[in-house]
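I opened the model to look up a few residues and their surroundings. My entries follow in the order in which I made them.

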Amino acid sequence: MQSGGDLESLVGQWLTVPDVAERLGVPLSRVRQLLADRELLGARIGERRVMAVPEKFLDETGPRPDLRGTFTVLADGGYDDDEIITWLFTPDATLPVEGAPIDAMRAGHKTEIRRRAQELAF
């Protein structure tokens, strides 16, 4: 498993909860609810250990709808939030696109990534 600093650099672009609220034009309470409902995952990053969300988890309108099921599959398989984020952002040369599972999902390969998540989880 990654330490906090490693996770922070693996993901790269993070948005704090207030940043997510501003970007989506919603109250802070709505972002906290998205985290509680696991439509978004976050991690405590930085020196002050602030809760932040990987920027790639969002599209123009909100949380990427293709992520929630993948979060659930991996969580059901025993992965914690940091491990899920790590898996989604770890580069994998066997993917149909260059990059990590999150990049493949953003390129439209949700089914392939969900299948791989299911294999890992069970």
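I began with the contacts of Leu-41, taking contact as heavy atoms within 4.5 Å. Leaving aside neighbours within four places in sequence, I found Leu-41 in contact with Leu-35, Ala-52, Val-53, Pro-54, Phe-57, Phe-71, Asp-81, Ile-84 and Ile-85. This is a predicted model, in which local features need pLDDT of at least 70 and side-chain atom pairs count only at pLDDT 80 or more, while totals for chains, interfaces and linings use all residues. Residues are numbered from 1 along each chain as its sequence is written, and side-chain values use heavy atoms, with hydrogens and water left out.

I placed Leu-41 in the loop between helix 3 and strand 2; helices (H or I, at least four residues) and strands (E, at least two) are DSSP runs, numbered from the N terminus. Leu-41 has a relative accessible area of 1% and is buried (under 20% relative accessible area; exposed is over 50% and partly exposed in between, with a 1.4 Å probe and protein chains only). From Leu-41 to Phe-57 I read 8.1 Å, C-alpha to C-alpha, for two residues 16 apart in sequence.

Next entry: aromatic rings. I noted 2 aromatic pairs in the structure. Rings of Phe, Tyr and Trp (its six-membered ring) pair if their centres lie within 6.5 Å; planes under 30 degrees apart count as stacked, over 60 as edge-to-face and the rest as tilted. Phe-57 and Phe-89 make a tilted pair, with 5.7 Å between centres and 45° between planes. Phe-57 sits in the loop between strand 3 (50-54) and helix 4 (67-76) and Phe-89 in helix 5 (residues 81-89), so this pair ties together parts that are 32 residues apart in sequence. I found both Phe-57 and Phe-89 buried. Ring pairs link Phe-57, Phe-71 and Phe-89 into a cluster.

I then went along helix 5. Its buried residues include Ile-84, Ile-85, Thr-86, Trp-87, Leu-88 and Phe-89. What caps the N-terminal end of helix 5? I found Asp-80 there, with a side-chain oxygen 3.1 Å from the backbone nitrogen of Asp-82.

Next, Leu-67, which I located in helix 4. Leu-67 counts as buried at 0% relative accessibility. Not counting residues up to four places away in sequence, Leu-67 touches Phe-57, Leu-88, Ile-102 and Met-105. I also looked up Leu-67 against Val-17: they are 50 residues apart along the chain, and their C-alpha atoms are separated by 18 Å.

Next entry: a helix pair. Helix 2 (residues 17-24) packs with helix 3 (residues 28-36) at an angle of about 110°, and the axes are 8 Å apart. Axes are lines fitted to C-alpha atoms, for helices over the stretch in contact, and angles run from 0 to 180 degrees between N-to-C directions. The two helices are therefore roughly perpendicular to each other (65 to 115 degrees; under 35 is roughly parallel, over 145 roughly antiparallel and the rest oblique). Helix 2 contributes Val-17, Pro-18, Val-20, Ala-21 and Leu-24 to the contact, and helix 3 contributes Leu-28, Val-31, Leu-34 and Leu-35. I sorted these residues into 9 nonpolar, no polar and no charged (Ala, Val, Leu, Ile, Met, Phe, Trp, Tyr, Cys and Pro count as nonpolar, Asp, Glu, Lys and Arg as charged, and the others, Gly among them, as polar).

I moved on to Leu-58, in the loop between strand 3 and helix 4. Is Leu-58 buried or exposed? Leu-58 is buried, at a relative accessible area of 2%. Leaving out residues up to four places away in sequence, I list Leu-15, Val-20, Arg-23, Leu-24, Leu-40, Pro-63, Arg-64 and Arg-106 as touching Leu-58. Leu-58 and Leu-15 are 43 residues apart along the chain, with 9.8 Å between their C-alpha atoms.

Next, Arg-116 in helix 7 (residues 110-121). With a relative accessible area of 15%, Arg-116 is buried. The side chains of Arg-116 and Asp-92 are joined by a polar contact of 3.1 Å (a pair of N or O atoms within 3.5 Å; within protein, one must be able to donate a hydrogen and the other to accept it, and residues adjacent in sequence count only if both atoms are side-chain atoms). Beyond four places in sequence, Arg-116 touches Trp-87, Asp-92, Thr-94 and Leu-95.

Last entry: backbone angles. Most residues other than glycine have a negative phi. Arg-38 has a positive phi, near 65°, and is found in the loop between helix 3 and strand 2 (43-45). Arg-38 is partly exposed, with a relative accessible area of 28%. I also noted Arg-49, not a glycine, with a positive phi of about 55°. Arg-49 lies in the loop between strand 2 and strand 3 and counts as partly exposed at 45% relative accessibility.
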